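Trainee: Walk me through this one, please. Start with the confidence.

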Amino acid sequence: QVPFTVLQGEGVEYLGHANDAVIAISNYRLHIKFKDSVINVPLRMMESVECRDMFQLHIVCKDSKVIRCHFSTFKQCQEWLKRLNRAIARPAKPEDLFAFAYHAWCLGVCVDEEDQHAHLCRPGDHVKYRFEMELVRMGFDLQNVWRVSDINNNYKLCSSYPQKLLVPVWITDKELENVASFRSWKRIPVVVYRCRHLSSSVTPGVFGRLESFWRPRLNPESVRSVRDDSKGPIQSVLSNLAVKQKLRREGGREGAAGCSVHAIFADSSLTACSGVENAGAPQKLLILDARSYTAAVANRAKGGGCECEEYYPNCEVVFMGMANIHSIRNSFQYLRAVCSQVPDPSNWLSALESTKWLQHLSVMLKAAVLVSSAVDREGRPVLVHCSDGWDRTPQIVALAKILLDPYYRTMEGFQVLVESDWLDFGHKFGDRCGHQEKVEDQNEQCPVFLQWLDAVHQLLKQFPCLFEFNEAFLVKLVQHTYSCLYGTFLGNSPCEREMHNISKRTCSVWSLLRAGNKNFHNLLYMPGSEQVLHPVCHVRALHLWTAVYLPASSPHPLGQDDMDIYPPPGSQSQEFSGRCLDRLPKTRSMDDLLSACDSSSPLTRTSSDPNLNNHCQEVRVGLD
């Protein structure tokens with residue numbers, strides 16, 4: 001008998017026995033049931049399987065878990081080793097991933113396929129129409145200052161960019177094509193954020209200030225682009241800064257009518273930034289290069305390059321020294337090895353320090369803080385880039401947006417953030433997560449997105465009341481980044497996902513992690529806060545993400561299955577089940593804190609020591 005409840009489209013292929021355990025392999029998962037616990041892991045979560053000590057299977061997972069399973073004979077161990085290696089082999093085509101079968105079977109058992117498809121696939125209008133809704137939310141002036149370019153329609157300019165791009169109104173599509181010829185993969189600078197509203201506690205009286213991140217996503221030109229220097233997007237920012245400073249010195253207002261064509265930030269609805277710190281000092285465009293200076297120079301020797309301040313006199317170039325994917329992959333492998341040691345190592349702290357994982361997180365957080373502080377406190381435009389622009393760049397930009405904008409700390413806004421900055425701009429989830437078909441270079445695999453989720457977890461730890469979602473939300477997102485149960489993170493680019501029609505042939509992970517799912521709602525969340533976050537980035541202030549890297553044990557107690565059986569439509573109100581409530585601490589709280597503070601109402605909270613209760617009653621009688 002199959003020892004677990006199968007999902008739609010799931011079939012058990014092998015069923016047998018290990019030492020004191022039942023082991024099963026389906027087309028989706030490995031299931032090992034012990035006497036008092038269970039291991040349940042998706043096949044695509046596994047990175048490698050090998051035989052150790054002749055009788056032990058050693059399974060290494062992409063989220064840092066290590067699973068060990070013992071067999072009574074060497075032959076039996078080898079047989080299950082071959083089965084698992086076949087099961088976790090790279091797919092020959094996308095349709096071999098379980099996400100496609102799961103969705104097809106979900107439709108097959110439903111009477112009304114159209115309604116079921118909408119429930120399974122559509123993450124919500126806030127994700128489907130995110131580009132248009134974000135333009136409205138951030139208040140971009142599409143009449144005088146900005147325009148939406150269709151130059152990438154059908155991905156004809158850049159396959160790793162979205163089809164709609166926001167650019168200054170005066171830059172023509174022909175000029176964008178010329179700029180693209182000087183960019184790696186033709187990933188031109190585009191606008192991704194406008195800081196419309198700032199916290200009055202940081203910059204009193206300043207609202208509607210138009211500042212943007214420019215995302216070059218580039219391998220900067222080894223040969224200088226004359227168009228960039230004279231009429232390109234970077235120069236337009238510099239020209240606008242000059243206009244701003246002139247208007248500020250004259251005490252005037254920034255208006256579209258009186259500005260030159262290069263003043264791309266001019267907006268008749270905006271006022272001068274009189275409340276910004278150092279408002280009288282000359283402002284410079286901040287160009288943040290995620291690489292180290294040494295890496296940038298080395299890249300230039302290979303045909304790449306970096307910006308030179310001598311060519312852009314009103315800009316400041318800062319190198320953050322973030323490690324590349326190879327260093328991050330090695331760091332994660334060391335972390336996984338340390339966390340999986342049995343028994344617990346006596347030199348745990350020094351071993352953790354040697355992995356440099358927390359150090360890498362610290363550098364990423366510092367880069368995001370630098371960007372948010374430049375925009376929030378100094379009112380400067382910021383340009384962010386690295387070598388290619390699909391790894392370190394989205395890490396910095398997405399973190400900075402969380403720091404600046406409380407909308408991205410909600411469940412809805414976080415979904416928009418991941419879709420916009422990670423999926424739309426071409427983070428190579430297929431290669432980085434290791435489930436892309438026909439991949440020859442295994443060195444492309446790296447937990448870049450997992451590292452970013454860890455950084456978000458650090459923010460959640462430091463600001464527990466300012467996020468609508470809880471830690472379980474992030475942990476579940478880690479699991480399904482690799483599980484291939486949903487199609488959200490399949491493929492390497494938006495062009496590839498559209499080519500395979502993934503959005504209509506697979507389920508969306510956001511249908512599970514939706515705002516109505518109370519299992520992922522942070523009970524401490526205080527909505528309405530406009531606070532800009534200023535986290536502590538020192539390594540000593542960071543925490544190891546134990547829920548991911550150090551779960552209580554690899555097996556889970558019986559009855560706590562990790563696999564998600566898709567909830568049917570209309571069941572949203574029943575998700576905060578009694579089983580979840582049983583895990584919460586049993587406390588009795590006052591329904592009305594105001595009445596609790598009223599001396600006329602009796603106290604209802606009692607102590608576990610009856611002597612203390614009697615003493616409190618006597619004191620209360622004496623006071624009365």
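**Confidence and packing**

Mentor: The protein chain has a mean pLDDT (the predictor's confidence in each residue, from 0 to 100) of 78, with 72% of its residues at 70 or more. The model is predicted, so local features need pLDDT of at least 70 and side-chain atom pairs 80 or more, while totals for chains, interfaces and linings use all residues. Residues are numbered from 1 along each chain as its sequence is written, and side-chain values use heavy atoms, without hydrogens and water.

Trainee: Which elements have the lowest and highest mean pLDDT?

Mentor: Helix α21 (residues 578–583) is lowest at 39, and helix α16 (residues 448–462) is highest at 98. Helices (H or I, at least four residues) and strands (E, at least two) are DSSP runs, numbered from the N terminus. Residues 565–608 stay under 50.

Trainee: How do α13 and α16 cross?

Mentor: The axis of α13 (residues 392–404) comes within 10 Å of that of α16, at roughly 20°. Axes are fitted to C-alpha atoms, for helices over the stretch in contact, and angles run from 0 to 180 degrees between N-to-C directions. That makes the two helices roughly parallel (under 35 degrees). Residues in contact (heavy atoms within 4.5 Å) include L399 and I402 of α13, and W452 and L459 of α16.

Methods
Angles under 35 degrees count as roughly parallel, over 145 as roughly antiparallel, 65 to 115 as roughly perpendicular and the rest as oblique.
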